[in-house]
Amino acid sequence: MIVCELRDCAKRYDGRDVLRGAALQVEQGELFGIAGRSGAGKTTLLRIVAGLEKADSGEAHLGGQIAASASRWLAPERRGVAMVFQTLGLWPHLTAFEHLDLVLRRRFRNRGEREAEAVRLLNLVEIGELAGRAPGQMSGGERQRLALARALACRAKLLLLDEPFAHLDAPLREAMATRTREWLAAEGATAILVSHDGPLLASICDRLAILDGGRIAQCGPPSAVYGAPLCVAAALACGPAFFVEGEARQGLARTAVGDFPLRDGGAG
């Protein structure tokens with residue numbers, strides 16, 4: 001089942017094309033990654049899905065229903081989407097438990113059920129012992145876990161994670177990414193995760209889309225994108241890459257280091 005679909009979405013800011021005909025489909029239960037350089041339009045794409053931005057053209061579908069088009073607009077609170085912002089957006093005056101308790105009031109009227117679910121989610125993301133702490137008393141990784149637990153508490157049809165590991169150092173970033181995949185899988189969640197760190201996304205996502213020039217340049221399993229990039233942006237997104245110049249002739253790329261078969265393309 002397709003949970004989220006964008007069709008030919010475009011967005012301009014100050015006369016500059018941020019998105020140009022962006023299109024994608026996200027399946028239920030999938031962890032879908034979107035990689036691209038800073039300024040490629042990744043956050044704008046997420047905000048269009050969430051309903052926090054209106055595309056200039058194109059359509060957004062959620063759960064098979066039109067969420068945004070030229071003639072229809074579904075308010076963000078009615079989309080069944082939860083977003084973890086790059087800044088996390090935690091409430092500084094509330095404890096970890098109170099963060100979840102506040103969100104869970106929409107799902108549970110019974111206080112005991114609400115408390116049990118809050119404890120379960122805090123334990124799921126391995127900060128159960130920090131239930132009484134405010135965000136200012138937590139490390140960066142702990143705050144990240146709290147933001148994810150709060151999003152999971154919504155039981156949204158779709159989670160959107162905007163650069164969720166950007167503020168963590170490298171060893172913690174990799175460990176946090178792996179654990180996040182495990183937590184999302186445990187909850188059966190469907191999520192879109194965007195980052196400029198393509199190799200990190202490739203290590204945890206089911207499918208990876210490369211956003212370049214406002215368009216989805218390539219989309220597929222990370223191994224396919226890495227093994228057969230269709231453009232320079234895709235090659236660079238998945239890890240270190242080296243380039244050699246050559247000439248395309250008779251189905252071959254003729255270079256200084258040898259001839260290589262081409263998948264497609266004409267002479268030149």
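**Entry 1: H3 and H4**

I looked up the handedness of the crossing of H3 and H4 in this predicted model, and the crossing is right-handed (right-handed if the near helix is turned clockwise from the far one by less than a right angle, left-handed if anticlockwise). Helices here are DSSP runs of H or I with at least four residues, strands are runs of E with at least two, and both are numbered from the N terminus. H3 covers residues 111-124 and H4 residues 140-153; their axes come within 9 Å and cross at roughly 135°. I took the axes as lines fitted to C-alpha atoms, for helices over the stretch in contact, with angles from 0 to 180 degrees between N-to-C directions. That angle makes H3 oblique to H4 (under 35 degrees is roughly parallel, over 145 roughly antiparallel, 65 to 115 roughly perpendicular, and the rest oblique).

I then listed the contact, meaning heavy atoms within 4.5 Å. H3 brings Leu 121, Leu 122 and Leu 124, while H4 brings Leu 146, Ala 149, Leu 152 and Ala 153. The classes are Ala, Val, Leu, Ile, Met, Phe, Trp, Tyr, Cys and Pro as nonpolar, Asp, Glu, Lys and Arg as charged, and the others, Gly among them, as polar.

**Entry 2: H2**

Next I checked helix H2, residues 96-104, where Ala 96, His 99, Leu 100, Asp 101, Val 103 and Leu 104 are buried. Buried is under 20% relative accessible area, exposed over 50%, and partly exposed in between, with a 1.4 Å probe and protein chains only. These buried residues of H2 pack against H3 and H4.

For H2 and H4, I noted axes that come within 9 Å and cross at roughly 20°. The two helices are therefore roughly parallel to each other, and their crossing is right-handed. From H2, Ala 96, His 99, Leu 100, Val 103 and Leu 104 meet Leu 146, Ala 149, Arg 150 and Ala 153 of H4. This contact of H2 with H4 divides into seven nonpolar residues, one polar and one charged.

**Entry 3: cores**

I looked for nonpolar cores, sets of buried Ala, Val, Leu, Ile, Met, Phe, Trp, Tyr and Cys residues joined through side-chain atoms within 4.5 Å. The largest has 48 residues, and those that touch the most other members are Leu 100, Leu 146, Leu 152, Leu 159, Phe 165, Leu 184 and Ile 210. H4 gives the largest share of this core, seven residues. Another core lies apart from it, with 30 residues, including Val 3 and Cys 9.

**Entry 4: single residues**

I followed Ile 210 to Ala 234, one of the residues it touches beyond four places in sequence. Ala 234 sits in helix H8, residues 232-237, and counts as buried because its relative accessibility is 1%. Outside four places in sequence, Ala 234 is in contact with Ile 210, Gln 218, Val 225 and Pro 229.

I also looked up Ser 71, in the loop between strand E5 (65-68) and strand E6 (81-84). Ser 71 counts as exposed because its relative accessibility is 76%.

**Entry 5: totals and conventions**

I noted eight helices and 13 strands for the protein. Buried residues make up 45% of its 268 residues.

Residues are numbered from 1 along each chain as its sequence is written. Local features need pLDDT of at least 70 and side-chain atom pairs pLDDT 80 or more, whereas totals for chains, interfaces and linings use all residues; side-chain values use heavy atoms, without hydrogens and water.
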